[in-house]
Amino acid sequence: MSKLRARLLGVLVLLTGFLTAAGIQPAAAAPLPDSLWFDESAAATLTVEDGRFTDGLGREVVLRGYNVSGETKLEENSGLPFASVADAKKSATALRALGGGNAVRFLLSWAQAEPVRGQVDTTYLAAATAQIGAFLDAGIRVYPDFHQDLYSRYLFNSGSWYTGDGAPKWAVEAGNYPQESCGICLFWGQNITQNQAVTKASYDFWHNTYGLQDAFLTTAQATMAYVKQHLTTTQFANLVGFDPFNEPHAGTYDSGQTSRTWERDVLWPFYVKFRARMDAAGWQAKPAFVEPNLFWNANISSQKQEGGLLDAGTIGPRYVFNTHFYDQKAISGILMWGKAGDGQYATDFGTVRDRASAAGTTAIISEFGHPLAGSVSDKAPTVLKAMYQAFDSRQPGASWWSNPSASGPVLSATQWQWDIYNGRHHELMNDNPDKVLTTGDAWNDEDLSAVRLNDSGTVVLRQDARLLDRVYPSATAGTAVAFTYEDRSRDGSTALTWNPVPSSLPNVSQLVGSGQYSLLIWRSDGTSVPTELHLPASFPTSSTTVVSDLGTTATPPSYTRTTPIAVAPEPGGTGSRRLLLTAAGSGTLHYALVTNGATAPSATLLNAARTELASWVASEIN
């Protein structure tokens, strides 16, 4: 699909709306608060083109945000991320304003959606849909996920050390599985391969024993149809796809089968079936966010299994390559003694970019994170900084300025996780009244939530805002060539600077000083629609300086259609902000440095920095 066709389709969707399997959807809602002239058309579609997400105006889109949330794994709110729609709205506003997110992976529970075989619980679906709507109304794109870990909580007895989530009780009862036991396990994830109840149940699902997979697919289709029917046209447009199955694994392999052939012969056919169910439910224009074998990119050699959907062929644009990444070496506390550093994950996420490119699609990292409590939590600031750095560019900071053209596409990613109830749970683990979990995430000793509620009921961050609320190119009118962001986040009291401005650019270095900065280089597409960068709260307009071929400004003005560098609120009324760059010419190379390090810089310094950047771009970008 050409970008022109994508833009026309976006406008068409706004004008005509969608038909659902159940009939006409609710009417389109009014534009979101703070919308500008182009926002409705931009939000009308999100498709995959040329290995990138593209919006209804053909702009390249980067999705950044969080998983909402691990609360779905628990019973305390009946498999919903929130106790109420009010809490969902509070969370959505904070996620936009504090966390800088424009997307969420919204967890759903099969057990709650189909508690009785063959009967979809519309009460649950109604509550989930209303909570999804709270995020859509805040200007946040959503992709739902039928979540599972260790197949099902109903595999585990009341006294177990572990628990799971996913499949309904009736699905477990159908299998008559052995007494669960992990043996000597230090981490809950070892149950995936060591607990015979988990491995046998997983195997049965993938082989459709007892019709389990068919039942799941039927419920998934009914869920998607229900959600579409009960959202407005505008809301549904910002549902960007569906993640069919979290962290798939065979359980056990058949004789002669390998992880790669399992993906080819079992997992991929399941995704083709799920894709057909999406189409039948009226989700034809939205991609399936498909995950490979969860061990395909493990960074511990003994865990790694060949995979990555290598034999699926060209899967775009109807599928997105969707993977997770956790640094298991760092989490082990043994295999990585120190902390992460500059370029730590450049190779790992370079592999993700390459795999998505080979598959003819784009990529998203739908889960990543690190424990925020416990013996390895001291690594979290550097591990997360290194991951975000690798999402922004495949180049380490040490080599970015000397080889920006090798940056590769900016990756979309959703961090695990955003649970406002962190530390305030009341979960009866495996329905055991003598094991009431209140601390952390209340699930298998995990504690990864970026947020919590304080005693006043206000959402507050548990991680450095400089790390989470980042500058990123949320929509590029054209093609992004290179991007970097130095967040200056902290490890304790130490400021982490992994991508300093080189001494060969003294005026740029002086302008940035000790502040945060980003640099985007892109080729414009000849339209009048602006490129957008999310502006963190640490970039108030009065402290934001922009140096670009489009001009220079120490305090960007409010947006008008004739202002090349400007600021505006992001749609949704949350108070979050964006920088808008309107560039002329088709295929013309542009650059924009954005920093909060300068205080009332002189025109002389601004012009000198602009001259340096123009010369550097001309010499480094072919």
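How many bridges join strand 21 to strand 27, and do these strands run parallel or antiparallel? In this predicted model, strand 21 (residues 517–525) and strand 27 (residues 586–595) are joined by eight bridges and run antiparallel. One of the bridge pairs is formed by Tyr 517 and its partner in strand 27, Thr 595.

Both strands belong to an open sheet of five strands, ordered 18-21-27-23-24, with antiparallel pairing. At the edges lie strand 18 (478–486) and strand 24 (551–553), each of which pairs on one side only. On average, neighbouring strands of the sheet are turned by 15° against each other, direction ignored. In general, the strands of a sheet pair through backbone hydrogen bonds, either parallel or antiparallel.

The largest nonpolar core has 112 residues, and the members that touch the most others are Phe 135, Tyr 151, Phe 270, Phe 349 and Trp 418. A second, separate core consists of 23 residues, including Val 481, Leu 519, Ile 521 and Tyr 591. Leaving aside residues up to four places away in sequence, Phe 135 touches Val 68, Phe 82, Ala 88, Ser 91, Ala 92, Leu 95, Val 104, Ile 140 and Val 142.

Phe 135 is also one of the buried residues of helix 5, among them Tyr 124, Leu 125, Ala 128, Ile 132 and Leu 136. Helix 5 covers residues 122–136, and its 15 residues should span 21 Å at 1.5 Å a residue; the end C-alpha atoms are 20 Å apart, so the two values agree. At the start of this helix, a side-chain oxygen of Asp 121 comes within 3.0 Å of the backbone nitrogen of Thr 123.

Two residues other than glycine have a positive phi, as listed here.

| Residue | Phi |
|---|---|
| Asn 176 | near 50° |
| Asp 431 | near 65° |

Asn 176 sits in the loop between helix 6 (169–173) and helix 7 (191–194). Is Asn 176 buried or exposed? Its relative accessible area is 70%, so Asn 176 counts as exposed, the cut-off being over 50%. Asp 431 belongs to the loop between strand 13 and strand 14 (436–437).

Cis peptide bonds are the last topic. The bond from Gly 316 to Pro 317 is cis, with omega near 0°, and Pro 317 lies in the loop between strand 9 (288–290) and strand 10 (319–325). Trp 416 and Gln 417 are likewise joined by a cis peptide bond, with omega about 0°. Gln 417 is in the loop between strand 12 (412–415) and strand 13 (427–428).

Technical notes:
Residues are numbered from 1 along each chain as its sequence is written. This is a predicted model: local features need pLDDT of at least 70, side-chain atom pairs count only at pLDDT 80 or more; totals for chains, interfaces and linings use all residues. Side-chain values use heavy atoms; hydrogens and water are left out. Helices (H or I, at least four residues) and strands (E, at least two) are DSSP runs, numbered from the N terminus. Buried means under 20% relative accessible area, exposed over 50%, partly exposed in between (1.4 Å probe, protein chains only). A nonpolar core is a set of buried Ala, Val, Leu, Ile, Met, Phe, Trp, Tyr and Cys residues joined through side-chain atoms within 4.5 Å. Contact means heavy atoms within 4.5 Å. The expected span of a helix is 1.5 Å times one less than its number of residues. A polar contact is a pair of N or O atoms within 3.5 Å; within protein, one must be able to donate a hydrogen and the other to accept it, and residues adjacent in sequence count only if both atoms are side-chain atoms. Two strands pair if DSSP finds at least two bridges between them. Axes are lines fitted to C-alpha atoms, for helices over the stretch in contact, and angles run from 0 to 180 degrees between N-to-C directions.
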